[in-house]
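I opened this model to look up helix packing and salt bridges. My entries are below.

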Amino acid sequence: MHVSARVDYGTRALVELAEAWSRDPAHLTKGDEIAGSQGIPAKFLEGILRQLRQAGLVVSQRGAEGGYRLERSPDSISIADVVRALDGP
């Protein structure tokens, strides 16, 4: 099975958010932090996070205190959800 860069990066971003969720489900993580820690180009990650938000996997908040967090428990998100959100059905 071929995994696109978009799905690879999206999965890595969600793993980062899942780790933050395990510490504090309300914690917001900045996109730049995710991009830096995972080695993902920031502009490309912004588009991926936008698609994940539209699919209902992440929530975003704007502003100085803003960032991203998972919409629901990491246990309820599958790789198939990520593939469908980023590459289509």
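Conventions. I am working on a predicted model, where local features need pLDDT of at least 70, side-chain atom pairs count only at pLDDT 80 or more, and totals for chains, interfaces and linings use all residues. Residues are numbered from 1 along each chain as its sequence is written, and side-chain values use heavy atoms, with hydrogens and water left out.

Helix pair. I looked up H2 (residues 31–38) and H3 (residues 42–54), which pack at about 120° with axes 9 Å apart. Helices here are DSSP runs of H or I, at least four residues, numbered from the N terminus. In contact (heavy atoms within 4.5 Å), Gly31, Asp32, Ile34 and Ala35 of H2 meet Ala42, Leu45 and Leu49 of H3. I noted five nonpolar residues, one polar and one charged in this contact; Ala, Val, Leu, Ile, Met, Phe, Trp, Tyr, Cys and Pro count as nonpolar, Asp, Glu, Lys and Arg as charged, and the others, Gly among them, as polar.

Alanine 13. I found alanine 13 in helix H1 (residues 5–23). Beyond its neighbours within four places in sequence, alanine 13 contacts Ile34, Leu45 and Leu49.

Salt bridges. I searched the whole structure and got three salt bridges (a side-chain nitrogen of Lys or Arg within 4 Å of a carboxyl oxygen of Asp or Glu). Arginine 12 pairs with aspartate 8 at 3.3 Å, N to O. Aspartate 81 pairs with arginine 72 at 3.4 Å and with arginine 84 at 2.9 Å. I logged Arg72, Asp81 and Arg84 as a network of salt bridges.

Note on methods: Axes fitted to C-alpha atoms, helices over the stretch in contact; angles between N-to-C directions. Helix = DSSP H or I, 4+ residues; strand = E, 2+ residues; numbered from the N terminus.
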